[in-house]
Amino acid sequence: MFRRVLIANRGEIALRIMRACRELGVETVCVYSTADRDAPYLKLADRAICIGPGPSKDSYLNIARIISAAELADVDAIHPGYGFLSERADFSEVCRDCKIEFIGPSPEAMGKLGDKVEAKRYAKAAKVPVFPGSEGAVEEVDEAVEVAAEIGYPVIIKAAAGGGGRGMRICHNEATLRANISKAQQEAAAAFGNGAVFIEKFLEHARHVEVQVLGDKHGNAVHLWERDCSMQRRHQKVIEEAPGPGIERKKIEEVCKNAARLIKSADYAGAATVEFLMDEKQNFYMLEVNTRVQVEHPVTEMITGVDIVKESIRIASGEPISVKQKDVKVNGHAIECRICAEDHTKDFMPSAGMIDTWRAPGGLGVRMDTHASAGYRVPPNYDSMIGKLICWAPDREQAIARTERALREFEVGPIKTTIPLHLEMMHNSDFRRGGVDIHYLERALKAAGHG
Ligand code: ADP
């Protein structure tokens, strides 16, 4: 096991990783920007090192500064968390060159699965169903038009290196496709440093279902079942749950098995998520592979009892996955609400600033993953998520009741948060029935005059 790990991230995930390290007896070094200088979680690290000013490019995205901190603190490994540098193969490579273990996949495995076009190739070979669409990237407009004619409209143009719900364009006919291809290429080049785009069938009424997988350095891959993340706004997840309501178990079993096979085929070591869209007939189509731990990993931890972050650290240190596939059982139901510092009645306007009141819920089956507390100032520089409320219960109905109860206890002020939106959703009859599609929330917000 490692002696000392550097955490190249901030906020709740930095704290989550610190907790895992502490339980493993591993020392932690946390880096921070001046915007996070007063964050209370830094006190829980064995050492905290300032790596620069607020803008991410000068701190959390600055590879040279993070490596300097790692060398200064003499760490054996770096955990990148999610976002920031977590999916950058060049960062994983720099770590290797500096003889620091990157807690995540090798640059090679990341190259195979992190690129959406490459991942589709591996997926096909592993019998993982993918969307009908272009074979690889499309260069010319005519090529895109030809593929679209074959698969039928609507189609979606996506960036091979895209992420965070950006770089996607939906086209309902040939004219819009023609008008958008070169724009999408230019945009992708500017935003992701890679202009490659591809097209695939656009699914109108889909659910987002993803599979958590762990791979290790000994050729093992184990899946930890699925999560349903269909409650989204602007392609960003808002509520996640596990297991997926109403999904035929035989079907999901096969999808999960194939997802694990895909991870294994890429010699992948670490935590990965294979994301799918599921249509009304419960056909699955792979979207992409996320080559890192995800925001919503706790719902899987709650239903399987597997500590995904600890596993990722153990795997990086060379240990095999601690559980066998046959022992990974689904126990009960878990729901996660992402709590963001935003006003959902004002088009989700960010609401940064000082938190005076913070009364977090508790009790049986209630888990809070957060770095916030009374006296914490939410900096305006970063993602607005200030915590996650995760509730577990023996079944979905009780998990909803528990989430509702916990949200009622939850008091934050004077900043605005998305707690009221989550409460609305726990009362929403469509959500309670289960199986809403990925556009449901946006439709509901619009109907309520919040869209
Ligand atoms: P990102 O890497 O930016 O998160 P994804 O490929 O994971 O991009 O897609 C994010 C979201 O965009 C999906 O959850 C879904 O809501 C929507 N989306 C992506 N591809 C399609 C598609 N082919 N049909 C319908 N919706 C899609």
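In which sense do strand β1 (residues 4-7) and strand β4 (residues 77-79) pair, and over how many bridges? I found that β1 and β4 pair in the parallel sense over 3 bridges, where two strands pair if DSSP finds at least two bridges between them, and helices (H or I, at least four residues) and strands (E, at least two) are DSSP runs, numbered from the N terminus. I noted that Leu 6 stands opposite Ile 78 in β4.

Before going on, I wrote down that this is a predicted model, in which local features need pLDDT of at least 70 and side-chain atom pairs count only at pLDDT 80 or more, while totals for chains, interfaces and linings use all residues. I also wrote down that residues are numbered from 1 along each chain as its sequence is written, and that side-chain values use heavy atoms, with hydrogens and water left out.

Next I looked up the sheet, which is open, has 5 strands in the order β3-β2-β1-β4-β5, and shows parallel pairing. Because β3 (47-52) and β5 (101-102) stand at the edges, each with a single partner strand, one side of each is left without a neighbour in the sheet.

I then turned to helix α2 (residues 63-73), which lies across β1, β2 (27-33), β3 and β4 and runs at about 150° to β3; here axes are lines fitted to C-alpha atoms, for helices over the stretch in contact, and angles run from 0 to 180 degrees between N-to-C directions.

For helix α4 (residues 107-114) and helix α5 (residues 116-125), I found that the axes come within 5 Å and cross at roughly 85°. That makes α4 roughly perpendicular to α5, a term for angles of 65 to 115 degrees. In contact (heavy atoms within 4.5 Å), Gly 111, Lys 112, Leu 113 and Gly 114 in α4 meet Lys 116, Glu 118, Ala 119 and Tyr 122 in α5.

Last, I checked strand β8 (residues 197-201), where 4 of the 5 residues are buried, so β8 is largely enclosed by the rest of the structure; buried means under 20% relative accessible area (1.4 Å probe, protein chains only). Strand β6 (residues 155-159) pairs with β8 in the antiparallel sense over 5 bridges, and I noted that the bridge partner of Val 155 is Lys 201 in β8.

How values were computed:
Angles under 35 degrees count as roughly parallel, over 145 as roughly antiparallel, 65 to 115 as roughly perpendicular and the rest as oblique. Buried means under 20% relative accessible area, exposed over 50%, partly exposed in between (1.4 Å probe, protein chains only).
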